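Dear colleague,

I am passing on the structure below, and I would be glad if you could look through it with the notes that follow.

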Amino acid sequence: MIAREIIDEILFRNEIEQVIGSYVTLKRAGSNLNGLCPFHNEKTPSFTVFPATRSFYCFGCGAGGDVISFIMREENLDYVGALEHLAARAGITIPTDDSPNERDTVSRKRVWEMNLAAARFFRECLFDPKYGAEGLRYLTEERKLSTATIRHFGLGFAPNDFGMLSGYLRKQGFTEEEMIAGFLCKRSEKSGRIFDLFRNRVIFPVIDTTGNVVAFGGRVMDDSKPKYLNSSDTPAFKKSRNLFALNFARKHADERLILCEGYMDVIALHAAGFENAVATLGTAITSEQARIFAKYTGQVVICYDNDQAGQTAAAKAMRLLAEVGVEVRVLKPDGAKDPDEYIKKFGADSFRRLLENSMTGFDFRLETILNRHNLALPEEIIQASDEVCRMIADSHSEVERDIFAKKAADRLGISTEAMKADVERIRRARLRELKKKESQAAQLSLKSFGDRINPDAAKNIRANGAEETILGLMLLFDEFRRGAADGSVGLRSEDFLTGFGRRVFDVLCELERSETGFSKALLGQFFTADELGRLEKLEIDRRNLARNDREVLLAAIDALKKEGETMDGNDPFADLRRKQAQAKQAKEQKNT
C-alpha cells in the first residue's frame with residue numbers, strides 16, 4: 001500500500017479547485033466554487049467545491065468526497081489508480097520497493113510516547129534549581145508568568161548539555177533512531193554520535209486537540225540566534241497543520257479565536273483571561289491552518305506584532321482566512337510592540353476594549369477593492385461598485401448590509417439607495433438560483449426508490465438520525481473520533497442499528513487506532529465513490545449547524561442506545577441477532 005506520507009504529499013500538491021477546475025468550469029460563489037456536475041445532466045449548477053475542507057459535493061446527485069474520490073469517479077479508477085494518476089499529475093514518484101526508510105520505521109504512537117517522556121524531563125529540569133533556575137527566573141521575573149500558568153502550559157527547560165535528554169530517553173527505552181525521527185536529537189557527521197537539539201532554552205510543548213504532545217518550541221533567554229527553535233515535521237507532527245494552544249482555545253472558540261504570532265503572546269493572553277488565543281508554529285499561516293480555524297469558529301481576530309513584518313503577515317492571514325469563509329478582524333496594539341507588552345503596560349481591560357474595536361474584515365476588503373481602481377474615472381467607479389455590492393450581498397444580516405452599503409457609498413461618492421438596490425438585486429438573483437437547486441434536488445430525491453447506500457435507514461429513522469450526527473462529528477473533529485476509538489464516550493460498534501453506520505464507525509475507529517492515524521484521504525480504501533459522497537454529506541450537514549460540542553455528541557449516543565433498547569424490547573430474538581451480526585462482521589473483517 002502507498003505510504004501515508006506519500007498520500008499526504010499527493011493531496012498537498014493537488015489542490016482540489018485546480019484539479020476539478022481542469023474538468024469542470026467553476027465560478028466563485030463566496031468562499032466556495034460552483035459548476036455543472038460532471039456526474040449527472042443538469043442545467044443549473046448544483047456542484048460545489050469547498051476549498052476550506054478540500055472537498056466537493058453535488059446537491060443534485062449526492063456525489064462527493066475529496067480530490068481522490070473525484071478522480072476515481074471521473075477517470076473510472078480504483079483508489080490506488082486515482083492516487084497514481086494524481087501523483088503523475090504532480091510529478092511525484094511513488095516508491096516501488098518495499099524497503100522502508102529510517103523515518104518510516106518509527107511510528108506516530110511511539111513519537112507521542114517519547115514526546116511525553118521528554119516533556120516530563122523538561123518540566124522537572126525547570127523546577128530543579130540545579131538546572132532550571134535561569135529558565136524559571138526568565139519566565140517568572142522577565143515574563144511575569146505565575147507558577148500556575150507555567151504548569152498549565154507544561155512549560156519546561158532544556159539544560160545547556162548535549163546529552164542529558166538523550167541519556168534520559170535512552171533509559172526510558174527509546175532508541176537513537178526514534179530520537180532523531182522525533183526531532184529531539186541529531187547525529188553528528190564527525191563523530192557519528194547523537195546530541196540533543198534543545199539546549200539552554202525555555203521549552204513550550206505543543207499539544208494537539210486529543211492531548212498528545214506532538215512537538216516542542218524552544219526559546220533562548222537572551223538575544224542569541226536563533227531566537228526560537230521549533231520541531232521540524234515528524235511522523236507525529238506537521239507544523240503547517242497544527243496550532244499552538246488549540247487544545248485549550250477550542251473550548252472557547254464559539255465566538256472567535258485570536259491569532260497571535262508567538263508562544264509568549266498566546267500564554268500572556270490566556271493568563272489575562274483570553275483563553276481563545278492560538279499561534280502558528282514558527283511559520284506564517286498556511287492554508288491548512290486556515291481550514292482548522294474554519295472548523296472551530298466563524299471569526300478570527302488577527303493580533304500580530306505592530307511592525308511592518310507583522311502587518312504584512314496579517315494581510316496574508318486575512319486573505320487565507322477569508323478564502324475559507326471565516327470573518328476576519330485585525331487588532332493593532334498601538335503603544336506596544338506585541339499583545340504581551342500591551343497587556344503588561346495597559347492591562348487586560350484595555351486590551352478587551354481594543355479587541356472589541358478591532359478593524360472589520362469588511363473595512364480591509366473594501367480598502368483592497370478601492371485601491372485596485374482609479375476612482376477618478378466613472379467606469380472604474382462602476383466596476384468597483386459592482387465588486388463591493390457582491391461582497392456586501394454575501395452578508396446574511398440586513399443590518400450589516402445597510403451599514404456596509406452606507407460606508408461603501410460614501411467612499412465611492414454614490415447614493416446609498418443605489419448601492420442598496422444593486423445589493424438586493426444580486427441577492428434576489430442568488431435566491432432564484434438557490435430555489436432552482438432545491439427543486440432539482442427534491443425531484444431527484446422523489447425519483448429514488450430507496451436509499452441504496454444505507455437501506456437500513458428507513459427501518460428506524462430516529463436511530464439513523466442519531467448515527468448520522470455521531471459519524472458527522474467523528475469526521476469533523478479529532479477529539480470526538482479519538483473518544484470513540486478509545487471507548488471513553490461509551491460507544492460500541494454493536495450500538496449502531498444500520499449496517500452502513502456500523503461499518504463507517506468501525507473504519508473510522510480502525511484508522512484512528514492505526515499507526516499512521518486517521519486521514520480522510522484513506523477512506524477510499526474502504527468505501528465506494530457513492531459511499532464517500534454520503535460521508536461528505538454527513539460532514540457538510542454537521543458543519544452547517546451552530547452547535548457541534550461534546551454535549552451534542554453524548555445526546556446523540558444516548559438517543560441511539562435508547563432506540564436500540566426499544567428494538568430489543570420488541571424482539572425476543574434480539575440477543576441472537578446481535579451475536580449473528582457480530583459473527584458475520586468478524587468473518588467479513590477476517591476475509592478483508
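Is Phe183 buried or exposed? Phe183 is buried, because its relative accessible area is 18%, where buried means under 20% relative accessible area, exposed over 50% and partly exposed in between (1.4 Å probe, protein chains only).

Please bear in mind that this is a predicted model, in which local features need pLDDT of at least 70 and side-chain atom pairs count only at pLDDT 80 or more, while totals for chains, interfaces and linings use all residues. Residues are numbered from 1 along each chain as its sequence is written, and side-chain values use heavy atoms, with hydrogens and water left out.

As to the whole, the protein has 25 helices and 16 strands, these being DSSP runs numbered from the N terminus (H or I of at least four residues for helices, E of at least two for strands). The radius of gyration, taken over C-alpha atoms, is 27 Å, which agrees with the value near 25 Å that a compact globule of 592 residues would have; the globule rule is 2.2 Å times the number of residues to the power 0.38. The C-alpha trace spans about 75 × 75 × 50 Å along its principal axes, and buried residues make up 49% of the 592 residues. Of the contacts (heavy atoms within 4.5 Å) between residues at least 6 apart in sequence, 64% join residues at least 24 apart.

Phe183, with which I began, lies in the loop between α9 (176–181) and β7 (185–187), and its phi is near 55 degrees, a positive value in a residue other than glycine. Lys144, in the loop between α6 (129–142) and α7 (147–152), also has a positive phi, near 60 degrees, but Lys144 is exposed, with a relative accessible area of 60%. Most residues other than glycine have a negative phi.

Turning to helix packing, the axes of α5 (residues 108–126) and α8 (residues 164–171) come within 10 Å and cross at roughly 125 degrees; axes are lines fitted to C-alpha atoms, for helices over the stretch in contact, and angles run from 0 to 180 degrees between N-to-C directions. That makes α5 oblique to α8, given that angles under 35 degrees count as roughly parallel, over 145 as roughly antiparallel, 65 to 115 as roughly perpendicular and the rest as oblique. Met114, Ala117, Ala118, Phe121 and Phe122 of α5 meet Met164, Leu165, Tyr168 and Leu169 of α8.

Helix α21 (residues 478–485) has its axis within 9 Å of that of α22 (residues 499–513), and the two cross at roughly 95 degrees, which means that α21 is roughly perpendicular to α22. Arg481, Arg482, Ala484 and Ala485 of α21 make the contact with Phe505, Leu508, Cys509, Glu512 and Arg513 of α22. The axes of α20 (residues 461–476) and α21 come within 5 Å and cross at roughly 115 degrees, and here Leu473, Met474, Leu475 and Leu476 of α20 meet Asp478, Phe480, Arg481 and Ala484 of α21.

Finally, helix α12 (residues 287–296) is mostly covered, with seven of its ten residues buried. One of the buried residues in α12 is Glu288, which counts as buried at 9% relative accessibility. Leaving aside its neighbours within four places in sequence, Glu288 is in contact with Phe12, Arg54, Ser240 and Arg241.

With best regards
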